[in-house]
Amino acid sequence: MYANLFNRDMRKILITESSSCTKCKSVDKLQLDHIISISKGGKNEISNLQILCCKCNNNKSNND
Ligand SMILES: [Zn+2]
């Protein structure tokens, strides 16, 4: 429950009308991504978050 609340707040802060994908600059279906996965020791904080579009996020997951 805490994680859900946290993610909703982060989304409100980071994804705005002027946001774009960190990798390809797409503005379609933007998502917040952990630069270092939580499962790999990354922190659940703004400095470890980047904005990726759905496509790049999927590509990252596949290569992870
Ligand atoms: Zn992208």
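I started with Asn 57, which counts as buried because its relative accessibility is 11% (buried is under 20% relative accessible area, exposed over 50%, partly exposed in between, with a 1.4 Å probe and protein chains only). Note on the source: this is a predicted model, where local features need pLDDT of at least 70 and side-chain atom pairs count only at pLDDT 80 or more, while totals for chains, interfaces and linings use all residues. Residues are numbered from 1 along each chain as its sequence is written, and side-chain values use heavy atoms, with hydrogens and water left out.

I placed Asn 57 in helix 2 (residues 54-63); helices are DSSP runs of H or I with at least four residues, strands are E runs of at least two, and both are numbered from the N terminus. Setting aside residues up to four places away in sequence, I found Asn 57 touching Gln 31, Leu 32, Asp 33 and Leu 52 (contact is heavy atoms within 4.5 Å).

Next I looked up the zinc ion. Its protein donors are the SG atoms of Cys 21, Cys 24, Cys 53 and Cys 56, at 2.3 to 2.4 Å. Donors are N, O and S atoms within 2.8 Å of the metal (3.2 Å for Na, K and Ca); water is not among the atoms, so sites may look incomplete. The 4 donor atoms subtend angles of 106 to 116° around the zinc ion, so the arrangement is tetrahedral (for four donors, all angles between 85 and 135 degrees).

I read the donor spacing in sequence as C-x2-C-x28-C-x2-C. Cys 21 sits in the loop between helix 1 (2-14) and strand 1 (30-34), and Cys 53 in strand 2 (residues 49-53), so this pair ties together parts 32 residues apart in sequence.

Cys 21 is buried at 1% relative accessibility, Cys 53 at 4% and Cys 56 at 10%. I also counted disulfides (cysteine sulfur pairs within 2.5 Å) and got 0.

Last, the largest nonpolar core: I list 8 residues, namely Cys 21, Leu 30, Leu 32, Leu 49, Ile 51, Leu 52, Cys 53 and Cys 56. Such a core is a set of buried Ala, Val, Leu, Ile, Met, Phe, Trp, Tyr and Cys residues joined through side-chain atoms within 4.5 Å. Strand 2 gives the most to this core, with 4 residues.

How values were computed
Four donors count as tetrahedral if all angles lie between 85 and 135 degrees; four count as square planar and six as octahedral if opposite donors are over 155 degrees apart and all others between 65 and 115; anything else is irregular.
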